[in-house]
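Thank you for making the time this morning.

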Amino acid sequence: MIMKIAASIDIFSKPNDIFAWIENPDKAMQWQKGVKTDQIIKETSGKIGTTFKEEMEENGKSLITYGEITDYTPNKLISFQLESKIHKVHVIYSVVGNANQSRVSVDSTIRWKFPMNLISLIVGYKIKTKILQQTKSELLELKKLCEKEVNNL
């Protein structure tokens, strides 16, 4: 079962200022509330091929996810391939805009593994709705952080 999730938000900030919050793991953990730890396993000079390990936590349950950066354009785009015991996920973050306003988009494709693929057949709509709500909540948090940074300059 494949699930696609897409969301975007307009932020009153420059693309490079926003992108710093997306590509830097320490900053990203401030707006991605489900990520409890992030560890770079192997870092490459051009970012593509960099591997990492994240521990996600929700409702007291943790999930280890291994990831690799698969595409990278400074201040514009970063994509990851993620894998855990329950799924494989491809995520693309893109930022377009100017000095005053930017649009951040996130597109995710989730491939569920057994037995989650069977569970998603039954309650897939609820799972998708919950993931979309979480994604939108994280983008709102990113917006707050970026716009607060702009207002403090």
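Let me begin with a term: a nonpolar core is a set of buried Ala, Val, Leu, Ile, Met, Phe, Trp, Tyr and Cys residues joined through side-chain atoms within 4.5 Å, where buried means under 20% relative accessible area, exposed means over 50%, and partly exposed is in between, with a 1.4 Å probe and protein chains only. What you see is a predicted model, in which local features need pLDDT of at least 70 and side-chain atom pairs count only at pLDDT 80 or more, while totals for chains, interfaces and linings use all residues. Residues are numbered from 1 along each chain as its sequence is written, and side-chain values use heavy atoms, with hydrogens and water left out.

The largest nonpolar core has 31 residues, and Ile22, Val104 and Leu142 are those with the most contacts inside it. Among the elements that give this core two or more residues are strand S4 (61-73), strand S7 (102-112) and helix H3 (116-151); helices here are DSSP runs of H or I with at least four residues, strands are runs of E with at least two, and both are numbered from the N terminus. The largest share, six residues, comes from H3. If we take contact as heavy atoms within 4.5 Å and leave aside neighbours within four places in sequence, Val104 touches, among others, Ile18, Ile22, Val95, Leu139 and Leu142.

Now to the aromatic rings. Rings of Phe, Tyr and Trp (its six-membered ring) pair if their centres lie within 6.5 Å, and planes under 30 degrees apart count as stacked, over 60 as edge-to-face and the rest as tilted. By this rule there are four aromatic pairs. Trp31 and Tyr93 have ring centres 6.0 Å apart and planes at 90 degrees, so they are edge-to-face, and because Trp31 lies in helix H2 and Tyr93 in strand S6, the pair ties together parts that are 62 residues apart in sequence. Phe80 and Tyr93 are also edge-to-face, at 6.4 Å centre to centre and with 80 degrees between the planes. Which residues do the ring pairs link into a cluster? They are Trp31, Phe52, Phe80 and Tyr93. Of these, Phe80 is buried, with a relative accessible area of 13%, and Tyr93 is buried as well, at 8%.

Finally, a word on Met1, which is placed in the segment before strand S1 (2-11) and counts as partly exposed because its relative accessibility is 44%.
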